[in-house]
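The following paragraphs lead through a protein model from its overall make-up to individual residues. Please keep the sequence and the coordinates in view while reading.

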Amino acid sequence: MGDDAATSAPLVAVVVRTKDRPLFLSRALGSISAQTFGDYEVVIVNDGGDPEAVERVLAAQPAAFRDRTSVIHNPSATGRWPAANAGVTASTAPLLTLHDDDDSWHPDFLSETVAYLQAHPDDHAALVRTEVVHERWEGETAVRTGGYLLEEHNPEVLLSDLLDFNRFVPISFLYRRSLHDRLGLYDASLPAAADWAFNLQILQLGPVPYASDRVLAYWNQRLEERGVLGNSVFAAPRDHWIADGRHRDEALRAFVDQYGTGLPLYLSRVTEKRHRKIRGEISDAVQSIHRTVREGLDSVAEEQRISREQADARIDALEATIGELRYHLDRTMDARIRGFVWRRKQWVRGLRRRKDGDR
C-alpha cells in the first residue's frame, strides 16, 4: 500500500511518546511518514510537554500524514508506560508498534513486518535487525559518532535470552493488539523496562522471529547526554535497575507462593559459588595488572625510547582486545555495558590520535 490510506480502519497503529523534544519528534514523524506502507494511524502522546511545540512539529508534516494522526496532550507527566498505555488504548488497529520520539525507521520497516505477520498468522510479533546509532546533536543536526548491530548473532529471540536482559527495543518490534487482550497493558507501576516485562510474557508463548535480516530500525543513543536529551538507559539508569529488581522480585514471589523456596534457595547457592569463582579470577587479573604496571614504572626510561612502530603495535593490540571482548560478551552484555566498552575504545583511539599529532 502507498500513501492512499484505506478508507476502512487502519491496519497498524504507531504510538509515539514525547515530551519537550521537538527536534527528535520532527525526525520521528518524518521516519513514519516516509514509510512505503501507508495503512496506519499515529497516536502522539505528549506527556506533559509544551503542547504548542508538538502542534508546530505536526503542522510541518504533509496533510495526508496529519489526517491520520491524533494527539493526546497530558497536562502533566504521567510516566513512560502510562503514556504508552494511553496511546495503545486510544488506537484501534490490530497491529501495534511503539516509535519512541528519538528513534527512527528505514522506509521499509512497516511493509516488511506487516507482510511477515500476514504470511505467518500464528506468530504473535515480528522483529527486524536494529542498528544502535551513537550520535550527538550539533544545533539542529544529528551527527553520527559510532554504532553497532544489535544482537547480530541471534537468528531469533528466545525466552532464555530475555531472562538476562531485554534483547530488543520497541523501535524494532511490530506485534498484534490481541496480545494486550491476553496479557494486559504495559506495567505502569514500573519506572522503566515495562517493555521487557511485557516481552517476557510474549516469549512465554513462543520465540519471536526476525521478519528480515535487513537493518530496518535505528536505536539512536546519546551516551553522554543527560536530562531531556538523554536516553533513559544512560540518563536514568537507576530507574532501570529499580524496575529490573522489582519485576524479578514479583516473579520470584509468585513462584515461591506456588512451589516454595526450594529451587530458588538451591539456585542462589549455585549462583553464589559461581560469583565467588569469578571474583577470584578478577582478583587474580587485577594482581597481574598491578605487577605489569609496577614493571612498567620500573622501566619507564626504556619505555620512552620504544619506536613508533612498537607503540602503534601496542595500541593495535589494545584495540583488538577490546573488539574481542565485545564480540564474546554479545550474549551477556546489555546497552549500558556496551556503552562503557565503546567509551574505552574511543579512549584508545584518542591515544592514537594524540600520538599521530606528536609526529
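**From the whole chain to single residues**

Of the 359 residues in the protein chain, 41% are buried, where buried means under 20% relative accessible area, exposed over 50% and partly exposed in between, with a 1.4 Å probe and protein chains only. The model is predicted, and local features need pLDDT of at least 70, side-chain atom pairs count only at pLDDT 80 or more, while totals for chains, interfaces and linings use all residues. Residues are numbered from 1 along each chain as its sequence is written, and side-chain values use heavy atoms, with hydrogens and water left out.

The secondary structure of the protein chain amounts to 14 helices and 10 strands. These elements are DSSP runs numbered from the N terminus, helices being H or I over at least four residues and strands being E over at least two. Among contacts in the protein chain with a separation of 6 or more, 78% are between residues 24 or more positions apart; a contact requires heavy atoms within 4.5 Å.

Strand β2 covers residues 40–47, and eight of its eight residues are buried. One side carries Y40, V42, I44 and N46, the other E41, V43, V45 and D47, and all of these are buried. Strand β1 (residues 12–18) runs parallel to β2 and is joined to it by seven bridges; two strands are said to pair if DSSP finds at least two bridges between them. Within this pairing, T18 has N46 of β2 as its bridge partner.

Leaving aside neighbours within four places in sequence, V45 is in contact with V15, V16, R17, T18, I72, N74, A83 and G87. The C-alpha atoms of V45 and S70 are separated by 8.7 Å, with the two residues 25 residues apart along the chain.

Strand β9 (residues 173–176) is also covered on both faces, with F173 and Y175 buried on one side and L174 and R176 buried on the other. Strand β4 (residues 95–98) pairs with β9 in the antiparallel sense over two bridges, and L96 stands opposite Y175 of β9. Strand β6 (residues 125–138) likewise runs antiparallel to β9, and three bridges join them. Here L127 has F173 of β9 as its bridge partner.

The helices are considered next. Two packed helices are described by the angle between their axes and the distance between the axes. The axes are lines fitted to C-alpha atoms, for helices over the stretch in contact, and the angles run from 0 to 180 degrees between N-to-C directions. Helix α1 (residues 22–33) packs against helix α2 (residues 51–59) at an angle of about 30°, and their axes are 10 Å apart. The two helices α1 and α2 are therefore roughly parallel to each other, a class for angles under 35 degrees, with over 145 counted as roughly antiparallel, 65 to 115 as roughly perpendicular and the rest as oblique. In this contact, P22, L25, S26 and L29 of α1 meet V54, V57 and L58 of α2. The residues of the contact of α1 with α2 comprise six nonpolar, one polar and no charged. In this classification Ala, Val, Leu, Ile, Met, Phe, Trp, Tyr, Cys and Pro are nonpolar, Asp, Glu, Lys and Arg are charged, and the others, Gly among them, are polar.

A further helix pair is formed by α8 (residues 194–205) and α10, which pack at an angle of about 35° with their axes 9 Å apart. W196, A197 and L200 in α8 meet D244, H247 and R248 in α10. By class, this contact of α8 with α10 has three nonpolar, one polar and two charged residues. D244 belongs to helix α10, which spans residues 237–259. With a relative accessible area of 21%, D244 is partly exposed. The C-alpha atoms of D244 and W196 are separated by 8.9 Å, although the residues are 48 residues apart along the chain.

Two loop residues complete the tour. E151, in the loop between β7 (141–150) and β8 (156–157), has a phi near 50°, a positive value in a residue other than glycine. E151 is buried, with a relative accessible area of 2%. A193, in the loop between α7 (178–183) and α8, has a positive phi of about 60° although it is not a glycine. At 13% relative accessibility, A193 also counts as buried.
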